[in-house]
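Dear colleague,

I am passing on the structure below, together with notes on what turned up in it. Please read the notes with the coordinates open beside them.

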Amino acid sequence: MRLLTALVSGAIWAAGALAHAAPAVAPARVDIPHAGGVLHGLLYKPDGNGPFQAVIALHGCHGLIGRSGQILPLYQDWAEHLLKAGNAVLFPDSYGSRNLGPQCHEKSHRTLMRRERVRDIEATRHWLVAQPWVSAHHVGLLGWANGASALLWAVRPQLASSGASPDFRSAVALYPDCRLSSRLGWSARVPTLLLIGGKDGLNSPAVCRQMIDDARGRSALARIVVYPGADHDFDATGVVMHVAGALKGAGPRFHADPKARTDALKRVAEWLAR
């Protein structure tokens, strides 16, 4: 199954790269001080002096940068939409900063979402709120798949920052793996929205819904939207995602869902603007 997932992921992003060979908006490369050295990131910043709302955007297990050396099309597309809404968007590169490739099927050198990636989130937040062009009280989180799973850990009350910097304003998780968080009694300290496809073949929408339902009464505002008929990666910019031919069509077929994608773009912008 892990091999299948890796092949699917490769097919998705390779197809997308062809359609987005030349990004319309080029991000700036930034270096973020980090306990383990330097965390590299890609920054999309509106023109002007701000202060701007900011979004920390967390890539999935396939990484942030494609083989072409450019940011993957999905993230480029989201960055442009959020930029048009007046947000600065910063993608910390958790894998590239550690000289790691995609981690979807790696076991020995996987960057763990509960440790390294959560520390990356905190380092990025501290860097952002120190910038004069950032509205320090309006920094949000947005994550996809593995990055969304890390987000679920980062917003737990147990991980509230002890520093003087303002906390995150809100968070949005797109199709995370909710299994471990659900078993450990997840709750959030900031308003958190979860979006997932009803036919997600990789992460369970039922488990995510149960996690959100169980958090009621002991959590900040938490909501879930399940898109009926939508697959994993429903917000991809391509039309059809398919399994590599080497597996002769075995396993799930992931399809972009334009209707779900359009709704997600609107919901995410509204939630992060809270």
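A disulfide is taken here as a pair of cysteine sulfur atoms within 2.5 Å. This is a predicted model, in which local features need pLDDT of at least 70 and side-chain atom pairs count only at pLDDT 80 or more, while totals for chains, interfaces and linings use all residues. Residues are numbered from 1 along each chain as its sequence is written, and side-chain values use heavy atoms, with hydrogens and water left out.

On the disulfides, a search of the whole structure finds two. One of them joins Cys61 to Cys104, with an S to S distance of 2.0 Å, and this link is right-handed, with 90 degrees about the S-S bond. The pair connects distant parts of the chain, 43 residues apart, with Cys61 in the loop between strand S3 (52-58) and helix H2 (73-84) and Cys104 in the loop between strand S4 (87-92) and H3; helices (H or I, at least four residues) and strands (E, at least two) are DSSP runs numbered from the N terminus. Both Cys61 and Cys104 are buried, where buried means under 20% relative accessible area, with a 1.4 Å probe and protein chains only.

The other disulfide joins Cys178 to Cys208, with S to S 2.0 Å, and the link of Cys178 and Cys208 is right-handed, with 90 degrees about the S-S bond. This pair also links distant parts of the chain, 30 residues apart, since Cys178 lies in the loop between strand S6 (171-174) and helix H5 (179-183) and Cys208 in helix H6 (residues 205-214). Cys178 and Cys208 are both buried. With bonded cysteines counted along the chain, the pattern is 1-2, 3-4.

Turning to helix packing, the axes of helix H3 (residues 116-129) and helix H4 (residues 146-154) come within 9 Å and cross at roughly 70 degrees, the axes being lines fitted to C-alpha atoms over the stretch in contact and the angles running from 0 to 180 degrees between N-to-C directions. That makes H3 roughly perpendicular to H4, a term that covers angles of 65 to 115 degrees. Arg117, Val118 and Ile121 in H3 meet Asn146, Gly147, Ala150, Leu151, Trp153 and Ala154 in H4, with contact meaning heavy atoms within 4.5 Å.

For the chain as a whole, there are seven helices and eight strands, and buried residues make up 52% of the 274 residues.

With kind regards

Definitions and conventions
Angles under 35 degrees count as roughly parallel, over 145 as roughly antiparallel, 65 to 115 as roughly perpendicular and the rest as oblique. Buried means under 20% relative accessible area, exposed over 50%, partly exposed in between (1.4 Å probe, protein chains only).
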